[in-house]
Amino acid sequence: MAAGANAVGVAAGCNHSLAVSAAGRVFAWGNGLAGQQHTPTLVTALHTARVVEVAAGSGFSLALSDDGRLFSWGCGYGGQLGRYSATAQIWPVKMKQEQA
């Protein structure tokens, strides 16, 4: 993480990890098999969101913003990205949420 950034949440997946800072920024790192850096790197695609929680699975990541937006990225082969596609997504994309 950036110098001076305090982690308030972490998540560990199969080959990668995530951290969310007190400022709502997400950092990711991993083993490099799916393009991750080996050191915590800012996920710049989430610059419009203040993230409050992160989750990591086997090859995919989720981020929840303070205003309720949910973002997903990673491998999509099992539907875990919440889309009707098995295509991988390398950058976080806002998930469409159905109204109850």
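Visitor: In S2, which residue is the bridge partner of alanine 12?
Guide: The model is predicted. S1 and strand S2, residues 16-21, pair in the antiparallel sense over five bridges. Within S2, the bridge partner of alanine 12 is serine 17.

Visitor: Is serine 17 buried or exposed?
Guide: Serine 17 has its place in strand S2. Buried means under 20% relative accessible area. The relative accessible area of serine 17 is 19%, so this residue counts as buried.

Visitor: What distance separates the C-alpha atoms of serine 17 and serine 61?
Guide: Serine 17 and serine 61 are 44 residues apart along the chain. Their C-alpha atoms are separated by 8.8 Å.

Visitor: What is the order of the open sheet that has S1 and S4 as edge strands?
Guide: This open sheet has four strands with antiparallel pairing, in the order S1-S2-S3-S4. Strand S1 (7-12) and strand S4 (41-42) each pair on one side only and are the edge strands. The order asked for is S1-S2-S3-S4.

Visitor: What is the relative accessible area of valine 20?
Guide: Valine 20 is also placed in strand S2. Leaving aside residues up to four places away in sequence, valine 20 touches Asn6, Ala7, Val8, Gly9, Arg25, Val26, Val51, Val52 and Val54. Valine 20 is buried, and its relative accessible area is 0%.

Visitor: How many Å apart in space are valine 20 and valine 8?
Guide: Valine 8 is among the residues that valine 20 touches. The two valines are 12 residues apart in sequence. From C-alpha to C-alpha, valine 20 and valine 8 are apart by 6.0 Å.

Visitor: Which residue in S6 stands opposite valine 54?
Guide: Strand S5 (residues 51-56) and strand S6 (residues 60-65) pair in the antiparallel sense over five bridges. The residue of S6 that stands opposite valine 54 is alanine 63.

Visitor: What phi does glycine 59 have in the turn of the S5 and S6 hairpin?
Guide: Three residues lie between S5 and S6 in this hairpin. Glycine 59 is in the turn, and its phi is positive, at about 95°.

Visitor: Which side chains meet in a salt bridge?
Guide: A search of the whole structure finds one salt bridge. With an N to O distance of 3.1 Å, the side chains that meet are those of arginine 69 and aspartate 67.

Visitor: In which strand is confidence lowest?
Guide: The chain has a mean pLDDT of 84, and 82% of its residues reach 70 or more. Confidence is highest in S5, at 96. It is lowest, at a mean of 83, in strand S8.

Conventions. Residues are numbered from 1 along each chain as its sequence is written. This is a predicted model: local features need pLDDT of at least 70, side-chain atom pairs count only at pLDDT 80 or more; totals for chains, interfaces and linings use all residues. Side-chain values use heavy atoms; hydrogens and water are left out. Two strands pair if DSSP finds at least two bridges between them. Helices (H or I, at least four residues) and strands (E, at least two) are DSSP runs, numbered from the N terminus. pLDDT is the predictor's confidence in each residue, from 0 to 100. A salt bridge is a side-chain nitrogen of Lys or Arg within 4 Å of a carboxyl oxygen of Asp or Glu. Buried means under 20% relative accessible area, exposed over 50%, partly exposed in between (1.4 Å probe, protein chains only). Contact means heavy atoms within 4.5 Å.
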